[in-house]
Each structure stands twice: as C-alpha cells, then as structure tokens.
Amino acid sequence: MKKLPRSFYFRSAPLVAKDLLGKILVRRIGQTTLSGKIVEVEAYLGKKDPASHAYRGKTRRNEVMFGEGGHLYVYFTYGMHFCANVVTGKKDVSEAVLIRAIEPLDGIELMKRNRGFLKDVRLLYTLTNGPAKFCEAFGIKREENGTDLRGDKIFLIEGESPKSIIGTSTRIGITRGKEKKWRFFLKGNEWVSK
DNA sequence: CGACCGATTGACT
DNA sequence: GTCAATCGGTCGG
C-alpha cells in the first residue's frame, strides 16, 4: 500500500486528525512488522492552543512540532510514559495530532510482550486503548522522536475509508483549552480509550 | 534552586 | 470512586 503523501500533513491539525481515523500505522522493528488502524486522535493547535506543548514557543523538547509536517513528535510524561503525535502543517506551524488509540492488526504477539502481558489475563482491548499504551505496544520511545513518517521505520498508509460514524468531543486529561472539541474517534470501536 | 504539575496508567478502597 | 508512581518542563525567587 502507498504511503500517505507529504501534502496529507500540510493542513490544519483538526482536518488531518479527522482524516487519520481509519489510516494504518506501520512500524518496522528488525524483521518484525507491527501495524494498527488509528481509531482515536486529538488535535493540538500549537501557539494558538494553551493545551499544546508549543503554546509558549519553541524549546528543545518541542522543536519537532515546529518542523515540517509528516514527522513524529514523541514526548515523555508523568515520569514514565511516552505519547506520540503526527506533526501537521509546514515548517514553523507547530500543530500536531496526538494518536490516542489504535486497533492492532499485525504483530500482536510482540505488542503483548512490549506491554508486559504475561498471559491473556488482561482484556485484549487494553493493549492499545490509550496514547501511552499504544506507544509501549509499538516500542515508541525517545529515539523515535522526529522520525520521518515517509521513511521505512514508522509510516502511514491508506486503510479502508472508515464505515463508522466519527464521534467528536473535548480533549482528555487537559486543564487549559478544555472547551475545544478537538478529539475525534470511530464511534463504537472497541479500541477507543475509556 | 525549589515547588508544582502534567496530552497517563494501573492498583486499590 | 481515589491515589501513587516517577521525572522533566516550567515558573517563581
């Protein structure tokens, strides 16, 4: 399948966010391929958005958001978790889309190992139904910050156009910019975070 | 420098 | 429902 063109990312974050639903994220680690369908995202609007890491301008931590769209912004939070964003817009725009949940497709055994599922005790939907769970399952850490999504390590391809209705809501876990409805998800999909 | 807190999760009452 | 884990970013002094 064809990788999404760079132009896909050169639009405002809410538009890209909605269009990311149903797309397939592929991660190659050595010989193994992990993949999953994006089912939940949130848009962060850079300098215009008090909830965005880019709100106060460019720093060492957030500089990837100020680069060209189509790269991955990975950040470390709560002293233990990583979360991943798709950067959107052209250089210096600093908008991004947080990937909050995916539905696993290929490489589920490795995802389980990455997540520390020893047996099938835990419900399968808890494998990737949250932004830090997705990153842990896919082995996305500090080193993946800045990855070009048109390269061969992590990339996005077309999926089926989503049949589910797209739900919209306010974003989860933030204290500023609460009122904006910039969370999008596939309604009824089991892998959407609770 | 110290204090506070976060785009979260999992364990527990 | 509550709360600890655990550390880097940010802000005030």
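Modeller: What follows is a set of questions about terms, each answered from a definition. This is a predicted model, in which local features need pLDDT of at least 70 and side-chain atom pairs count only at pLDDT 80 or more, while totals for chains, interfaces and linings use all residues. Residues are numbered from 1 along each chain as its sequence is written, chains are lettered from A and ligands numbered from 1 in the order in which they are written, and side-chain values use heavy atoms, with hydrogens and water left out.

Colleague: Why is Lys23 called buried?

Modeller: Buried means under 20% relative accessible area, exposed over 50%, and partly exposed in between, with a 1.4 Å probe and protein chains only. Lys23 has a relative accessible area of 11%, so Lys23 is buried.

Colleague: Where is Lys23 placed, and what does Lys23 touch?

Modeller: Lys23 is in the loop between helix H2 (13–20) and strand S1 (24–29); helices (H or I, at least four residues) and strands (E, at least two) are DSSP runs, numbered from the N terminus. Not counting residues up to four places away in sequence, Lys23 has contacts (heavy atoms within 4.5 Å) with Leu4, Phe8, Gly36, Lys37, Ile38, Ile157, Glu158 and Gly159.

Colleague: What makes a set of residues a nonpolar core?

Modeller: The set must consist of buried Ala, Val, Leu, Ile, Met, Phe, Trp, Tyr and Cys residues joined through side-chain atoms within 4.5 Å. The largest such core here has 42 residues, and Leu20, Ile38 and Leu156 are among those with the most contacts inside it. Strand S2 (residues 32–44) gives the largest share of this core, five residues. A second, separate core has 13 residues, including Ala51, Ala54, Tyr75 and Val87.

Colleague: What makes the pair between Arg56 and DNA strand C a polar contact?

Modeller: A polar contact is a pair of N or O atoms within 3.5 Å; within protein, one must be able to donate a hydrogen and the other to accept it, and residues adjacent in sequence count only if both atoms are side-chain atoms. A polar side-chain atom of Arg56 lies 2.8 Å from a phosphate oxygen of DNA strand C, so the pair meets the cut-off.
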